[in-house]
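Okay everyone, thanks for coming.

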Amino acid sequence: MKLWMLGIAAIVLSFISLFIGAIDITPKDLLNWESDETHIFLISRIPRLLAIILAGAGMSIAGLIMQSLSRNKFVSPTTAGTLDAAKLGILISMLFFTNVTYTQQVIFSFAFALAGTFLFMQILDRIKFKDVIFVPLIGIMYGNILSSITTFLGYEADLLQNLSSWLMGSFTLIIAGRYELLYVSIPAIILAYLYANKFTVAGMGEDFARNLGLSYKLVLNIGLVLVAVISTTVVLTVGVIPFLGLIVPNIVSLYLGDNLRKTIPHTAVLGIVFLLICDILGRIIIHPYEIPVNVTVAVIGSAIFLTMLLRGRAYAK
Amino acid sequence: MIEIKGLTKRFGKKPVVEDVTVTIEPGTITSFIGPNGAGKSTLLSMVSRLLEADTGEVLLDQNNVKKWKSSDFAKRVSILKQANYLNVRLTVRELVSFGRYPYSKGRLSAEDEKFVDQAIDYMNLADMENKYLDELSGGQKQRAFIAMVIAQDTDYILLDEPLNNLDMKHSVQIMKILRKLVDELGKTVVIVLHDINFASVYSDRIVALKNGRLMKNGPTREIINSDVLREIYDMDIPIQEQNGCRICVYFNSHI
C-alpha cells in the first residue's frame, strides 16, 4: 500500500464525514456565512473531524510505540492498562477536589496513565515467560484490576454515572470548546516521528541498543511519556477507543515492516482512515441517531484482531 | 588495546567471574573457551559495558570503559550477543544501516551509505538486501548481524557464541569471514566459542576460563595440548595434527 493512496482515502472520507449528520448540510449552504448550516459546520462538524484525525493518528502511533518498546506485537494502550489507569486518574481527581477543574483532571489522568504504563513495563521486565499472547493477557488482567478499582471507588462515591462518559468513546459530544485538549497530542506525535529511529533501535532490545551507543532507559521513558500524553488527551476528550492502537500498527507492520521512520506516517494515516470509516458507519446505520464510535471500532476491530491472532501467530513471534 | 584488570562479578553471592586479568592483543582473534558456567559470556558482557563489574576495571586505550561516552565507545567496540535473534521485521539493508547509528543517529550521509554497501558486499548479502530478516535462514541472519557490526566499523568486534545453531558449512563461513576481518581490515575479534576445534583452527590466542577463574591465556598452540585441556575440561582429549591444524578428538568412543 502506498502512502498517497491512504492519503486520498483519508481526504475523501474527511469530506464525507463533514457532510453527514442529523442535519443535512450541503457545500452550497456554506456559501452563506450567516446560515445555521454554516454555524453547525463550524462548531460541530469541523471540530469532530479534527478530533477524529488527532485521535486516530494519536492512538495508532501510541500503540506502535508501545509495541516497539515492549517488543510485543499485541501490547497497546488498551492491553497494557494505560487507558484504565487514565480513567482511574480522572476519578481520583474528582474524589480529591470537590470542584475539580479541567486542568486538575488532565494532570491526574496523565500522571496515572504514565505510572500505570510504567508499572506494566516493570511487570513485563520481571516475567520470564514472554509469549506473544501471554503478555497482552497479563496486560488486560492488569487493566481490569485498575478498572475494577475505578468502578468500586466510583460506586462508593456515587460517581458511576459521571464515569460512564469516559467508558464510552464517542465523538457525539465533540463541539468547539470541548476538544481542544487534543491539540496537545500534535507535538507528541511530531516528537514520536523525530524519535522514530531511537524507538526502532530500542525495540531490538537493551543490549542491542547499548551496543549502538543509545541510552536505552531514556528512550524508553520518553516513549512512555508520549504514550501517556496521547492516551490522556484522547480519553479526556473522546473517551476510550479500544483496538485502534492494536490493529492499525500491526496491519502496517505486515506490509511495511518495523522500521518506525518508515511506518509512522502510514500508521498515522491508516489510523485516521480506520477511525473515519467507523465513525461514518456509526452515523449512518441508524440515521439520524448515532452509534458511539467505540462500538463500531470494537465490532470491526475485534474481527480484524481475531483474524490476526488466528493467522498471525507465526508472524508475531 | 583492551586490558581487563582483576575483574570480578557476582550474581547473588556466587562469583561468576573472579579476579580475571587478561590483555586483548590488537589485530588478533582471541577465543574465550571453557566449560558451561565458566563465565565466558559474563566476561564479554563486562568488557563491552553491557554488565557492570563488581570490582576490577576494563581499560580501552588506557581509559576505563565506564568513562567513555556511549556514542564514542560504540565507534570503537561492538558486541553481538546470542540473544540478537529478534522478531523485528527489518530488511537486511535497514538492519545494516543501523550499524551506522553511532555516527549518523539514523540520518545516513553518503559516506554512511558507502559503509553499508561495503558491509553488505563483504558478507555476500547484496542479492537479499531487501528481504526481511524473518525470511532468512539462521546462517543468513547471522551474516546480516555481522554485516551490521562491520558497518559499525569498530576496531574491536566482540561476538558471543556466533556459531550457535549454525551448521558446519555456515560456521566455517563465519569463521573465515572473521579471519578476513582481522587479516585484511586489521580488526580485533574476541569471540566466545563452544567448539574448541573452531578455536584451535581459526584463532590466534585462547583465553581459557573455568568456574569464573582464568585458567590459561596464550597463543593457540600453547593451549591446544592434551595436558592443558585436561585441566580445563577434566577430559582426556587426544590431539591430532591435520594439514598443520590441531584437531581435538574429544569423541571418546571406547570408554
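First, the housekeeping. This is a predicted model, so to speak of local features we need pLDDT of at least 70, and side-chain atom pairs count only at pLDDT 80 or more, while totals for chains, interfaces and linings use all residues. Residues are numbered from 1 along each chain as its sequence is written, and chains are lettered from A and ligands numbered from 1 in the order in which they are written.

For 317 residues a compact globule would come out near 20 Å, and chain A has 20 Å, which agrees.

How much of chain A is buried? The share is 46% of its 317 residues, where buried asks for 20 or more other C-beta atoms within 10 Å of the residue's own, with C-beta atoms placed from the backbone.

Now, the UniProt record, an unreviewed entry, puts "transmembrane region" on several stretches of chain A, including 102-121 and 175-196. Do keep in mind that such annotations may be inferred rather than shown by experiment. Residues 102-121 of chain A are 100% helix, with end C-alpha atoms 28 Å apart. Residues 175-196 of chain A are 50% helix and 0% strand, and there the end C-alpha atoms lie 33 Å apart.

On to the two chains together. Counting a contact when C-beta atoms, placed from the backbone, lie within 7 Å, 19 residues of chain A and 24 residues of chain B take part. On the chain A side, α8 (196-202) and α9 (206-211) each give at least two residues, and α9(A) has the largest share, with 4 residues.

Last stop, chain B. Strands β1 (residues 2-11) and β2 (residues 14-24) of chain B run antiparallel, joined by 7 bridges; strands pair if DSSP finds at least two bridges between them. One example: Glu3(B) has Thr23(B) as its bridge partner in β2(B). The hairpin leaves 2 residues between the strands, and Gly12(B) takes a positive phi near 70° there.

Definitions and conventions: The radius of gyration is taken over C-alpha atoms; the globule rule is 2.2 Å times the number of residues to the power 0.38. A residue is buried if 20 or more other C-beta atoms lie within 10 Å of its own, exposed if 12 or fewer, and partly exposed in between; C-beta atoms are placed from the backbone. Two residues are in contact if their C-beta atoms, placed from the backbone, lie within 7 Å.
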